[in-house]
Amino acid sequence: MPDPWRLRYTGYAPAEEGLREALCAVGNGYLVTRGAAPEAAAGGEHYPGTYLAGCYDRADSEIGGRVFTHEDLVNCPNWLPVTFRCEGAEWFTGPPVEQELELDLRQGVLTRRAVCVDGVGRRTRLVQRRIASQASPHLAALETVLTAENWSGRLEVRSALDGTVTNAGVPRYAGLADRHLTPLRQEACPDGELWLEVATGPGRRIAFAARHRVRAGGRPVEAEVRARARPGLVTQILALDVTPGRPVTVDKVVAVHTSHDPATGDPLEAARQLAAEAADFDRLLAEHALRWEQLWERLRIDADLPGLGPLHLDLFHLLQTCSEHSADLDVGIPARGLHGEAYRGHVFWDELFVLRVLNLRLPELARAVLRYRRRRLDAARRAARAEGRRGASYPWQSGSDGQEQSPQVHLNPLSGRWLPDHTHLQRHIGSAVAYNIWEYYRATGDLDFLAEAGAEPLLEIARYWASAATHDPGRDRWSIRGVLGPDEYHDAYPWAREPGLDDNAYTNVLASWVLARARDALRVLPERRRGELTERLALDAAEPERWQEIGRRLHVPFHDGVISQFDGYRRLAELDWETYRRRYPDLRRLDRILEAEGDTVNRYRASKQADVLMLWYLFSAGEVRDLLRRLGHPAGYELMRRTVSYYLDRTVHGSTLSSVVHAWVLTRCDRRASWRHFRDALTADLVDAQGGTTREGVHLGAMAGAVDLLQRCYTGLELREDALWLDPQLPWALGSLDLDVRYRGHRDVRIRVDRHSVTVALGADAERPVRVGVRSTAVALRPGESHKFAL
Ligand code: BGC
């Protein structure tokens, strides 16, 4: 990306189209549409998906004689279709002879410039601009400008809304149920309006309405309209005469509503009304661009760093998935954005990586995600009960209603075998929810939120850990058995028949932290609310005592002077890395490689991604030391250094999240290596680092994680003792960093870090002073003041 605000692709590259479509998606948190060419149908290189936040549907599929139900983020009607021809010729179906795609990140506009030549040599210049409005989330628009270069005659432009689409974006899922939309009603009106209404299984009605305006030589013209409708598909053909060099512009403005939208009665009526009232393309673009300008102002990170483009691209896709418009809905953060169908659009723990950015920038968006989890507390309670435990157990993968949606089987494309999937045993996701609640509270000081919405899930998650832990009289320690850590490669002991591992260190230390925070939460709650919750949850005085006891005595295994990923890890074999590296240039899917060889990765000390090291990602070195000491283990810098280097040697980074975590934990021991991992995380999608996965959706956790590395890791930004602390560790490639954060109601805290100093300024309209510290010196900054700390 030579221009830091523009992503550009020239020419047509069949193998890369899917990647371009994901990276050129336009969206606004309510809907996202992939950057597919408007004339392209799904199949081959193209996949024109449109996804609405929170729009899921379940369907049954048969695999090997068993029926599995799965929930998908629904591919909604395709609103893009626009193509053209000279009357009597073939419709243009691509590819053009020349093409340039340009995504303007500053304004959120996708522009395509192309030249199309038909079978008899008629050349037509095509310019298309596309937006999904950040100003008006139910509106998307496509402007098409066609200029005949060497011909004159009757031009026909065909436009459609297509509700006959299926979920077919991921080849691995072929053969599974893919139909989620049932056509209800549709009409193609003679005045150029198209509308259609479809429904998903759970009875969500989805309505799309489009209106068209045609201009020739810059003036409105009446085109002849021929309209056609059949169930699920409405089409119209606009016809007018053209002459060489005289551009014809067709504006297609599309409104989308569903029956689940707030403040919406009949979705079809709402969509038709909105489409009819909508301004023309230029006006919509101006309002949309203004909103983007404001968003960029809020998310400003200026860095003295050549090649900032990937940073803007990452922030851009983050803001297209999480925005004020998604915050208005009851939706979580799908791991792969709303950009494709990988992982079926499910929500995992990846919000852990996203909320760390949002807490200090757009905390209201973070709060909305926590509320989404809060609303699913009963589902989590039900899941805990089903395991025979108390409290709440959040699902590893979920979508609509908080029920577990992890697949029970998955396909290894290398061996062609369907294998049991045990990833749902990643119970650590509950702790991630608790962590997110507490971190939001620490960053914002929003005690109201904690009292009314956050404390209850936090207490229930603590309760779950206390009931999941069993006492081992031999060790006089508590154990959490039968779980998986973040490293999904290890889902069972090679010598055991049942899946699950015991005492995953990350899970246990984090559970200990949750148990302590639950007690803290009870302490800080206003008395009346504490009383209400204690009554409602039937918490007696003994329970927090028990949390304290368990939280101090959870088992943390060690071997060879490092923390073991889980109990029994020492019994695993070392992989012959040299041989495997020689045989396979890419080891990121080592699990698949070994399975295809008739072996299993469970036998080896080899990890997909950071697991134990997550501890130093979530907590500062000092906090990890205190957590481990509380658990009775002497721990210091050396333990961290040894453990980082041990697992780094045995990790293949099969998840993009791994680079984020490694960049973070290496900052304090190997800054060069940290920077390499940072670059990997930053560009993971831009370069399609996981080899073909970005086309199925971006990796939102890595995108946000990369931003957070600049925002908090390299600045050493920490929140503790009711103060904002900075301890910069700028990598050699980074001259300076400038950013604004929001902290505890202060909207305007400006931070500038360079090699020699840190300057913090507080906006003049702040109500209270803020305590700011650098290394060990702290000052109270009054409104309008700034302070420069020498490093
Ligand atoms: C990773 C998980 C992650 C998921 C979704 C998997 O490959 O192992 O940690 O939550 O992708 O991003």
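Here are some questions and answers about the predicted model shown above.

Author: Residues are numbered from 1 along each chain as its sequence is written. In this predicted model, local features need pLDDT of at least 70 and side-chain atom pairs pLDDT 80 or more, while totals for chains, interfaces and linings use all residues, and side-chain values use heavy atoms, with hydrogens and water left out.

Reader: How many disulfides does a search of the whole structure find?

Author: A disulfide here is a pair of cysteine sulfur atoms within 2.5 Å. The closest cysteine sulfur to that of Cys86 is in Cys116, 13 Å away, which is too far for a bond. Cys669 is in no disulfide either, with the nearest cysteine sulfur, in Cys713, 11 Å away. The search of the whole structure finds 0.

Reader: Is Cys86 buried or exposed?

Author: Buried means under 20% relative accessible area, exposed over 50%, and partly exposed in between (1.4 Å probe, protein chains only). With a relative accessible area of 10%, Cys86 is buried.

Reader: How much of the ligand does the protein bury?

Author: Let's begin with polar contacts, which are pairs of N or O atoms within 3.5 Å. A polar side-chain atom of Gln609 is 2.5 Å from a ligand oxygen, and one of Asp350 is 2.6 Å from a ligand oxygen. Taken alone, the ligand exposes 310 Å² (Shrake-Rupley method, 1.4 Å probe). Of that area, the protein buries 94%.

Terms used:
A polar contact is a pair of N or O atoms within 3.5 Å; within protein, one must be able to donate a hydrogen and the other to accept it, and residues adjacent in sequence count only if both atoms are side-chain atoms.
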